[in-house]
Amino acid sequence: MTSPHDPYVRVRGAREHNLRNADVDIPRDTLTVFTGVSGSGKSSLAFGTIYAEAQRRYFESVAPYARRLIHQVGAPAVGAITGLPPAVSLEQRRSAPGARSSVGTVTTLSNSLRMLFSRAGNYPEGAPRLDSDAFSPNTAAGACPRCHGLGLVHRTTEELLVPDPGLSIREGAIAAWPGAWQGKNLRDVLDALGYDVDRPWRELDPADRGWILFTDEQPVVTVHPVREAGRIQRPYQGTYMSARHYVMHTFADSKSASLRAKAERFLTSEPCPDCGGARLRPEAMAVTFAGRTIAQLAGLALTDLAELLAEAGGEGSARVLTADLLARISTVTELGLGYLSLDRTAPTLSSGELQRLRLATQLRAGLFGVVYVLDEPSAGLHPADTEALLTVLGRLKESGNTVFVVEHQLDVVRRADWLVDVGPLAGEHGGRVLHSGPPAGLAGVAESATRRFLFADAPPPPREVRAPSGWLRLFGVDRHNVRGVDAAFPLGVFTAVTGVSGSGKSTLVGQVLAGALADRAAAGEAGPEQPVRGYDRAEGLAAVDRLVQVDQRPIGRTPRSNLATYTGLFDVVRRLFAATPLARERGYRAGRFSFNVAGGRCETCQGEGFVSVELLFLPSTYAPCPDCHGARYNPETLEVTLRGLDIAQVLDLTVEAAAGFFADTPAAARSLGTLLDVGLGYLRLGQPATELSGGEAQRIKLAAELQRVRRGHTLYLLDEPTTGLHPADVEVLMRQLHGLVDAGSTVVVVEHDMAVAAGADWVIDLGPGGGDRGGRIVAAGPPVEVARAAEGRTAGYLRAALGLS
């Protein structure tokens with residue numbers, strides 16, 4: 001029996017996911033790092049076992065009524081855990097933040113700033129004092145009525161709605177109209193109203209063109225459809241809706257992301273004429289502090305905002321509120337995010353920036369005696385930013401907390417007090433605790449995949465760089481903080497774009513370069529290359545036949561989307577099940593084996609495998625379906641088996657296991673082979689999209705691309721492809737990417753891993769800092785040349801990766 005003062009968290013018999021009855025003792029009040037290859041079981045130990053048990057114990061401590069609901073959630077598969085304090089999880093968020101989310105809302109700094117204006121602002125004479133909600137664009141009390149607090153209004157033009165005025169309405173001149181029957185109906189209604197639908201658009205009377213596109217009227221008229229062969233169509237009452245009305249209605253109200261995206265193509269945005277983009281009502285904009293409105297302060301970089309608040313000072317409540325704001329801002333700037341402004345919207349932030357903002361918020365919480373469980377906090381961080389992260393983790397520990405970190409970044413691993421290495425490999429070949437102790441002790445564990453990288457004697461010898469086959473050049477790049485930059489990207493080689501967070505890497509590559517290539521492809525013609533938004537002029541775009549942009553956005557936004565559905569593998573599997581003797585005997589078709597439609601799915605959970613559990617005073621949680629127990633299908637469907645496995649069991653196979661199971665099915669073997677090639681053998685076929693990290697989603701997209709037959713010169717753009725990867729997995733991925741280059745393609749990656757940059761043919765380093773202090777190309781050339789650059793924060797780390805003095 002352990003002592004109540006035992007300083008260790010002791011785990012016995014952990015069996016969650018692929019853990020194999022793991023036992024481990026971890027000291028409290030330390031920085032402990034969990035390492036191992038992707039899929040080895042380290043997250044199952046840290047989050048699925050230790051954090052899940054702490055959460056279960058919290059639920060057990062609440063009211064009996066809540067416990068009756070909570071018991072459905074279940075407990076982690078573990079024999080016992082002792083010495084476990086309350087825990088706080090900082091997992092990577094899988095969902096994308098909304099447009100109303102900003103740096104201010106993520107950090108709650110906007111709450112403090114609103115309170116400052118409410119209590120200590122300078123009001124116009126005779127004006128009533130406003131509540132803090134009146135200074136928020138996200139509330140009815142504060143939002144500008146015209147733009148609803150978004151700061152932008154959307155409008156459309158004839159040029160956007162009718163891109164080719166040489167066409168008639170019957171020929172599809174109004175591109176914004178819906179397709180299929182609905183668009184044909186609008187055409188027939190116009191015909192019935194007396195408008196000429198067969199004359200070229202440019203020859204119609206301007207007044208008629210204006211009415212057709214922009215009227216708010218919705219006349220109803222009897223339509224007599226043109227008789228088609230073999231079909232009798234009766235007259236009907238048709239209602240007309242202008243092209244603008246249809247686009248605005250679809251953009252505002254449609255639940256379909258694809259329809260909203262199509263509608264957005266016909267809209268242009270501009271600052272709201274009422275609030276000037278400030279998003280607030282006039283009453284709130286009339287209040288100032290230190291001579292500035294709240295919108296002006298929210299637009300300042302945090303370092304500049306801190307300077308202004310420090311100079312403003314104030315008395316009484318103003319002094320107290322500014323002191324609180326300054327303390328909160330200091331934790332954010334300490335993590336190297338001083339270049340951000342409070343009004344910077346969350347969707348424009350990188351995953352690394354978001355992760356650090358949430359960490360800064362936790363640092364201010366001032367909790368004591370807590371276990372913080374963090375999921376790869378260095379993801380998306382430049383090595384220079386990792387130093388600041390380590391400082392913050394140290395402060396959490398010094399405040400009397402225990403910090404458990406699942407991590408691949410070797411600098412973080414080396415700074416750990418305690419190291420838990422799980423492996424040796426992924427999936428069923430992992431799940432064992434290979435080492436638990438000080439990091440130095442891992443040197444004696446021969447089967448550890450981490451050991452080779454943590455104790456490397458010398459960096460690999462520099463590889464011979466490839467010679468470019470041509471150049472793609474952008475002149476006068478001007479977007480966000482990238483101002484007046486000329487950039488040259490070599491073709492036929494592997495290029496790494498580096499720089500600290502916020503230096504402009506994703507802007508240059510993911511927005512301007514990708515936008516230039518996409519716009520040229522949309523134009524569909526060679527010849528003079530026209531300037532597009534974000535740069536003045538381009539050369540060499542015609543040398544690229546195809547652009548493949550592989551980002552970290554989720555492959556789906558609901559648990560119904562998974563690895564098998566995204567890659568098309570699920571269609572193959574369902575056809576195989578439909579071809580079995582029992583399925584043919586019962587008349588089951590492939591649709592019977594889909595969990596998305598009625599028939600074969602479990603109707604209790606409608607094929608989701610779980611049900612929502614409402615906890616009233618706590619956030620809702622999910623529990624396995626009481627009928628199918630997570631299988632997603634009804635019993636009759638599960639009676640059909642393929643080589644001894646039912647459809648639910650096949651979806652539960654890992655990619656590695658499925659590759660053996662479907663080895664004799666070429667259509668399935670090809671998909672599974674490419675997933676193995678990018679290091680995803682540990683994922684389950686039915687793993688929901690919502691459970692995948694950004695790095696995993698990106699590699700699934702890359703695997704889907706690798707399945708396709710490549711024609712012409714393809715340029716691959718990847719944003720931090722090594723995020724969440726163990727160094728051993730990085731080697732596997734790099735072999736694939738370099739293989740694409742060897743096959744004649746061009747690869748451009750935005751990357752923080754110096755091992756990747758050291759192995760590139762060309763490096764473009766942006767900086768020297770983030771925000772306004774960045775946005776310049778400080779060095780470009782082969783890795784050895786960039787490593788010797790005098791400016792920028794990458795050179796020193798690149799020199800170390802190359803083994804240069």
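In helix 20 of this predicted model, the residues Leu569, Phe570, Val572, Val573, Arg574, Phe577 and Ala578 are buried. Helix 20, which spans residues 569-578, is mostly covered, since seven of its ten residues are buried.

**Helix 20 and its cover**

- The elements that cover the buried residues of helix 20 include helix 19, helix 21 and helix 23 (647-651), together with helix 25 (666-677).
- Two strands also contribute to this cover, namely strand 21 (641-642) and strand 22 (645-646).

- Thr495 belongs to strand 16, which runs over residues 494-498, and because its relative accessible area is 0%, under the 20% limit, Thr495 counts as buried.
- When residues up to four places away in sequence are not counted, Thr495 touches Pro490, Val747, Val748, Val749, Trp762 and Ile764.
- Gly556 is placed in the loop between strand 18 and helix 19, and with a relative accessible area of 15% Gly556 is likewise classed as buried.
- Leaving aside neighbours within four places in sequence, Gly556 is in contact with Ser561 and Ala689.
- The C-alpha atom of Gly556 is separated by 20 Å from that of Thr674, a residue 118 positions apart from Gly556 along the chain.

**Salt bridges**

- The structure holds 34 salt bridges, and the pairs described here are among them.
- Glu270 and Arg155 meet through their side chains in a salt bridge, with an N to O distance of 2.9 Å.
- This pair links distant parts of the chain, since Glu270 is in strand 9 (residues 268-271) and Arg155 is in strand 6 (residues 152-155), 115 residues apart.
- Glu270 is partly exposed, at a relative accessible area of 29%, and Arg155 is also partly exposed, at 38%.
- Asp742 and Arg466 form a salt bridge in which the N to O distance is 3.0 Å.
- Here too the pair links distant parts of the chain, with Asp742 in helix 27 (residues 727-742) and Arg466 in the loop between helix 17 (451-454) and strand 14 (470-479), 276 residues apart.
- Asp742 counts as exposed because its relative accessibility is 60%, which is over the 50% limit.
- Arg560 and Glu608 are joined by a salt bridge with an N to O distance of 3.7 Å.
- Glu608 counts as partly exposed, with a relative accessibility of 26%.
- Salt bridges that share partners also join Asp6, Arg10, Arg12 and Asp25 into one network.

**Backbone features**

- As a general point of reference, most residues other than glycine have a negative phi, and most peptide bonds are trans.
- The peptide bond from Gly423 to Pro424 is cis, with omega near 5 degrees, and Pro424 lies in the loop between strand 12 (418-423) and strand 13 (432-437).
- A cis peptide bond also joins Gly767 and Pro768, where omega is about 5 degrees, and Pro768 lies in the loop between strand 25 and strand 26.
- His17 has a positive phi, near 55 degrees, and is found in the loop between strand 1 (8-14) and strand 2 (22-27), where His17 counts as exposed at 61% relative accessibility.
- His148 has a positive phi as well, near 60 degrees, and its place is in the loop between helix 4 (109-120) and strand 6.
- With a relative accessible area of 54%, His148 is exposed.

Notes: Residues are numbered from 1 along each chain as its sequence is written. This is a predicted model: local features need pLDDT of at least 70, side-chain atom pairs count only at pLDDT 80 or more; totals for chains, interfaces and linings use all residues. Side-chain values use heavy atoms; hydrogens and water are left out. A salt bridge is a side-chain nitrogen of Lys or Arg within 4 Å of a carboxyl oxygen of Asp or Glu. Helices (H or I, at least four residues) and strands (E, at least two) are DSSP runs, numbered from the N terminus. Buried means under 20% relative accessible area, exposed over 50%, partly exposed in between (1.4 Å probe, protein chains only). Contact means heavy atoms within 4.5 Å.
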